[in-house]
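Subject: Structure for your review

Dear colleague,

Please find below the structure that I am handing over to you. My notes on it follow directly after.

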Amino acid sequence: MSKAILQNFIILVVLLLAQVLICNHILLFNVATLFIFIYVIIHLPISLGTGWLLTWAFLSGLTVDVFSDTLGVNALACTILAILKRPVFFAYIPKDDRTKEINPSISELGISIYAKYLLTMVVAYCVLVFAIEYMSITDIKEIALMSLSSAVFTFLILLGLDSLIGNK
């Protein structure tokens, strides 16, 4: 197992524990939930095989679901997020850089590109989670409010987290 994969696994375990023990119990202004564990899915190297990426994402979401009693909502949203990872990433980097081995982080992409990539991924995840959870178009205002507020909250925390972890 390579050093980067082992490091990502340790970060994943720590973030899953933080999600289950702390973040699941935080509801900011009764609308914003923090989804800190998706950082690892977003941050995993682009060169990682699709099978491994989907496995990491599914098991991460399933772990949160088991401890949150959410019946597969996070597992499905994480798996879809893993499927969206490469197309979203390649949408923001120049075509010349697509052949290079670039890992999604502030230090490698710069704040501008990374912030766009991170925001897109976080918004996609939050919309997926709340749309799957509510499964109703009649609650569209509540889904939009919770998705937007959770996305902003999560984006800001993950941006700070990446600046802390990425500088090591």
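On one side of helix α3, the residues W52, V66 and F67 are exposed. Please bear in mind that the model is a predicted one.

The buried residues of α3 are L53, W56, A57, S60, G61, V64 and D65. Viewed down the helix axis, these buried residues fall within an arc of 160°, and they therefore line one face of α3. As to its length, the 19 residues of α3 should span 27 Å at 1.5 Å a residue, and the distance of 27 Å between its end C-alpha atoms agrees with this. Just after α3, D69 takes a positive phi of about 60°.

I turn next to the aromatic residues. The structure holds 7 aromatic pairs. One of them is formed by F9 and W56, whose ring centres are 6.3 Å apart; their planes stand at 85°, so the pair is edge-to-face. An angle over 60 degrees is what places a pair in that class. This pair links distant parts of the chain, since F9 belongs to helix α1 (residues 3-21) and W56 to helix α3 (residues 50-68), 47 residues apart. W56 is buried, with a relative accessible area of 11%, whereas F9 counts as partly exposed at 44% relative accessibility.

Another pair consists of Y114 and Y117. The centres of these two rings are likewise 6.3 Å apart, but the planes of Y114 and Y117 meet at 50°, so this pair is tilted. Both residues lie in helix α6 (residues 111-134), separated by 3 residues, or about one turn of the helix. Y114 counts as buried at 0% relative accessibility, and Y117 counts as buried at 1%.

Just after α6, M135 takes a positive phi of about 45°.

With kind regards

Definitions and conventions. Residues are numbered from 1 along each chain as its sequence is written. This is a predicted model: local features need pLDDT of at least 70, side-chain atom pairs count only at pLDDT 80 or more; totals for chains, interfaces and linings use all residues. Side-chain values use heavy atoms; hydrogens and water are left out. Rings of Phe, Tyr and Trp (its six-membered ring) pair if their centres lie within 6.5 Å; planes under 30 degrees apart count as stacked, over 60 as edge-to-face and the rest as tilted. Helices (H or I, at least four residues) and strands (E, at least two) are DSSP runs, numbered from the N terminus. Buried means under 20% relative accessible area, exposed over 50%, partly exposed in between (1.4 Å probe, protein chains only). The expected span of a helix is 1.5 Å times one less than its number of residues. The arc is that of the directions from the helix axis to the C-beta atoms.
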